[in-house]
Amino acid sequence: GWGPIPGMGLQGAALATVIVKKHLAKTDPVSLSFHQMSQGALFLVITALILEDIHPGGFTLKASLAMVYMAVLASAVTFVYYYRLLQHMTATSLSFIIYVIPVVAVIGDYFVYGQFLSLQAIIGMCIIFSGIWLSQRK
């Protein structure tokens, strides 16, 4: 899991998903994501200003573009789609996305960087998809 207590990050994420599904299912996913991301960003900016040694040399074009990509595409847009899917799927079914993320990373690494896909990685992906398929069978 994430954080100092093993498994707590995953449990926290699971709890948040269940709470959103139960109490905020009819909330617009864009609004839900906007409030979540803007409050998180504000907290991180304030914390960085207090705790970090910030200097202009750290804000290169490449670093700034990476930050914008992570903020917009990898976070905000992703959560809009996640919450939209949550309106149409069970929280349990949607939670399996955590197992698909590494598969997407390995396949992306293959296509973007030309990394070799080992037999072990391919077998691992097959096991992941088989497990998801088995768990979703009626």
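**Note on the predicted model**

1. Val-68 is partly exposed, with a relative accessible area of 47%; buried means under 20%, exposed over 50%, and partly exposed in between (1.4 Å probe, protein chains only). Val-68 lies in helix 3, where helices are DSSP runs of H or I with at least four residues, numbered from the N terminus.

2. This is a predicted model, in which local features need pLDDT of at least 70 and side-chain atom pairs count only at pLDDT 80 or more, while totals for chains, interfaces and linings use all residues. Residues are numbered from 1 along each chain as its sequence is written, and side-chain values use heavy atoms, with hydrogens and water left out.

3. Leaving aside residues up to four places away in sequence, Leu-32 touches Val-20, Leu-24, Thr-27 and Tyr-83; contact means heavy atoms within 4.5 Å.

4. Ser-33 belongs to helix 2 (residues 29-51) and is buried, with a relative accessible area of 2%. Residues up to four places away in sequence again not counted, Ser-33 touches Ala-76, Phe-79, Val-80 and Tyr-83.

5. Helix 5 (residues 97-113) has 17 residues and reaches 23 Å from its first C-alpha to its last, close to the 24 Å expected at 1.5 Å a residue; the expected span is 1.5 Å times one less than the number of residues. Gly-114, whose phi is positive, near 70°, follows helix 5.

Note on methods: Helices (H or I, at least four residues) and strands (E, at least two) are DSSP runs, numbered from the N terminus.
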